Amino acid sequence: MLLEEHHFTALQPASPRLLSLSLASRSEDLRWIGGTSSKGPNDNRQFGRDLLRGLADPHGRVGRRVAGCESMWRGLWTLVSRAARGPHSPRLCTRQGSGYPAPGSGATIFALSSGQGRCGIAVIRTSGPASGHALRSLTAPRDLPPARKACLRLLSDPRSGEPLDRALVLWFPGPQSFTGEDCAEFHVHGGPAVVSGVLQALGSVPGLRPAEAGEFTRRAFAHGKLSLTEVEGLADLIHAETEAQRRQALRQLDGELGDLCRGWAETLTKALAHVEAYIDFSEDDNLEEGVLDQADSEVRKLEVALGVHLRDARRGQRLRSGAHVVVAGPPNAGKSSLVNLLSRKPVSIVSPEPGTTRDVLETPVDLAGFPALLSDTAGLREGVGPVEQEGVRRAQKRLEQADLILAVLDASDLASPASCNFLDTVVIPAGAGNPSGNSQRLLLVLNKSDLLPAGCSDPHPDLPSHLLLSCLTGEGLDGLLEALKKELAALCGDPSTGPLLTRSRHQHHLQGCLDALGQYKQARDLALAAEALRVARGHLSRLTGGGGTEEILDIIFRDFCVGK
């Protein structure tokens with residue numbers, strides 16, 4: 001076994017009979033695991049059985065005959081586990097490629113990687129075999145700078161020799177680069193004329209072409225620098241707008257979700273090895289008892305872990321796209337004022353006239369570090385005109401879809417028919433302050449506390465748990481934000497507690513893995529049970545990018561901007 005440039009290479013051809021342990025193969029491959037021994041075929045067959053007995057009893061209780069091969073088995077098993085769970089190595093190492101060629105892998109691409117518009121510094125990046133030539137062409141007659149060290153160079157048009165800018169340049173020879181290819185970066189002044197001139201100069205260099213959206217990251221994935229879940233984490237990090245989104249995206253980019261899935265895949269690999277060993281060698285009575293029981297035990301543990309993550313799947317998706325927070329209440333309770341206060345901008349029209357809000361008004365906001373889609377709705381009442389009645393109908397429909405309801409009442413007018421009706425039809429059924437079971441989460445807010453008599457801290461102790469607020473003075477806003485933070489943390493999950501499933505694709509593959517494990521438990525034939533384990537392991541592989549289709553990859557990388 002060779003270890004070169006942090007890649008695991010194939011078995012050396014000098015040992016043609018030492019076959020790789022492909023667990024999808026059956027007994028014919030497993031029987032020849034004995035290697036280059038000069039013994040006869042029967043001896044090699046027995047040697048393979050002894051190694052598999054070592055699998056059934058990993059603590060080495062297999063007798064003196066296999067004591068000498070225990071360390072060899074452990075080494076082989078390590079290689080099998082690594083091969084089965086896919087590429088995995090320290091962060092600073094170049095990992096084995098994903099198996100998907102980068103689009104236009106023979107070409108060298110270039111693009112502006114920083115934001116558009118005027119700025120102090122703009123970063124232009126290249127990736128591909130002609131990156132070194134491009135760097136020399138724009139900085140001639142200078143040689144390439146030292147790897148990964150910034151150097152100040154005069155950039156000139158390679159056609160006319162006209163100076164373009166004085167810039168910092170960096171050289172990243174592959175495979176130690178973001179994409180795994182030779183890369184160069186030009187840190188130029190951010191004026192549009194400078195950026196345009198450098199891009200035109202790069203376009204004139206033979207072998208270079210403009211990059212497509214997401215092509216740099218696509219090449220990093222194709223060369224094994226990022227797994228598919230890490231690519232998704234990078235995309236989420238670029239688009240993160242709140243603190244919680246940033247923390248979640250960074251942890252996924254660091255590989256937490258991928259590492260978790262690879263650990264699960266390794267568990268399935270061991271269980272599959274036990275089942276295959278029992279299929280091939282149980283009739284010879286060479287396997288010790290408990291091989292299938294151990295596989296069943298591992299599968300049960302994995303089912304529990306998958307179930308826990310699937311039950312929390314919606315939390316990760318809310319964290320990525322935002323929880324739906326609906327502000328509801330009777331007319332003139334201060335709903336629009338609260339929306340404007342939380343969003344810190346005039347989203348809704350505020351008027352003393354009842355029924356001002358006729359439609360649902362939505363605005364994305366950052367609530368206590370969590371993303372939320374805040375919806376202002378029409379006041380809930382009866383006996384109004386057809387237009388306002390349509391607004392009431394839409395408000396009621398939006399309440400059914402809400403992740404969190406901010407129920408707003410006028411603290412100085414709780415005895416009105418509209419307030420009493422809202423309490424009876426919305427607040428009490430939703431289980432205000434006690435979100436248990438399938439009940440919706442709801443925060444009851446008594447607005448206009450500035451109209452209450454002086455010295456009256458809580459005039460309505462008989463109401464469900466509630467918060468006092470004055471949208472006019474801002475009194476009580478800190479308490480409301482703290483309560484919102486707790487509710488949204490429960491809805492969106494805490495990124496520091498472990499990996500979250502942030503996309504429906506993650507949930508689909510984990511559910512497929514769990515369904516396959518259910519088929520394993522119901523299988524009456526061991527061959528069908530083994531196939532179910534392979535299907536389950538395949539779902540985990542596709543989740544991290546080991547077996548996805550080109551269509552899925554196109555959708556994922558399409559969301560990246562040009563230059564990333």
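The following dialogue goes through some features of a predicted model.

Me: Which strands form the open sheet that contains S5, and in what order?

Reply: A sheet is read by listing its strands in the order in which they lie side by side. Here six strands form an open sheet in the order S5-S6-S7-S4-S3-S8, and the pairing is mixed.

Me: Which strands stand at the edges of that sheet?

Reply: Strand S5 (151-156) and strand S8 (208-210) do. Each has a single partner strand, so one side of each is left without a neighbour in the sheet. From one strand to the next, the twist averages 30 degrees.

Me: How many bridges join S6 to S7, and how do the two strands run?

Reply: Strand S6 (residues 163-172) and strand S7 (residues 183-189) run antiparallel and are joined by five bridges. To find one of these places in the model, look at Phe-172, whose bridge partner in S7 is Cys-183.

Me: Which helix packs on this sheet and touches S5?

Reply: Helix H4 (residues 131-139) packs on the sheet. Helix H4 touches strand S3 (108-112), strand S4 (121-127), S5, S6, S7 and S8, and its direction makes about 75 degrees with that of S5. Helix H6 (residues 215-222) lies across S3, S4 and S8, and runs at about 135 degrees to S3.

Me: What is the order of the sheet that contains S14?

Reply: This open sheet has six strands in the order S10-S11-S9-S12-S13-S14, with mixed pairing. Strand S10 (361-367) and S14 are the edge strands, and each pairs on one side only. The twist averages 25 degrees from one strand to the next.

Me: In what sense do S12 and S13 pair?

Reply: Strand S12 (residues 404-410) and strand S13 (residues 441-447) pair in the parallel sense, over seven bridges. Leu-409 stands opposite Leu-446 in S13. On this sheet packs helix H12 (residues 335-343), which touches strand S9 (323-328), S10, strand S11 (370-376) and S12. The direction of H12 makes about 155 degrees with that of S11.

Me: Where is His-466, and is this residue buried or exposed?

Reply: Burial is read from relative accessibility, and under 20% means buried. His-466 is in strand S14 (residues 466-468). The value for His-466 is 17%, so the residue counts as buried. A polar atom of its side chain lies 2.7 Å from the backbone oxygen of Pro-464. Positions separated in sequence can also be compared in space: His-466 and Leu-444 are 22 residues apart in sequence, and their C-alpha atoms are 4.8 Å apart.

Me: Why does Arg-534 count as buried?

Reply: Arg-534 has 19% relative accessibility, and therefore counts as buried. Arg-534 lies in helix H17 (residues 526-544), and its side chain is joined to that of Glu-531 by a polar contact of 3.1 Å.

Me: What span should helix H16 have, and what distance separates its end C-alpha atoms?

Reply: The length of a helix can be checked against its residue count. H16 (residues 504-522) has 19 residues, so at 1.5 Å a residue it should span 27 Å. Its end C-alpha atoms are 27 Å apart, which agrees. Buried residues in H16 include Arg-505, His-509, Cys-513 and Tyr-520.

Me: How many disulfides does the structure hold?

Reply: A disulfide is a covalent bond between the sulfur atoms of two cysteines. This structure holds zero disulfides. Cysteines can still be read for burial. Cys-151 counts as buried because its relative accessibility is 17%, and Cys-471 counts as buried at 15%.

Notes:
Residues numbered from 1 in each chain as written. Predicted model: local features only at pLDDT ≥ 70, side-chain atom pairs only at ≥ 80, totals over all residues. Heavy atoms only, no water. Helix = DSSP H or I, 4+ residues; strand = E, 2+ residues; numbered from the N terminus. Expected span 1.5 Å × (residues − 1). Buried < 20%, exposed > 50% of the residue type's maximum accessible area, 1.4 Å probe, protein only. Disulfide = S-S within 2.5 Å. Pairing = 2+ DSSP bridges. Axes fitted to C-alpha atoms, helices over the stretch in contact; angles between N-to-C directions. Contact = heavy atoms within 4.5 Å. Polar contact = N/O pair within 3.5 Å; in protein donor to acceptor, adjacent residues only side chain to side chain.
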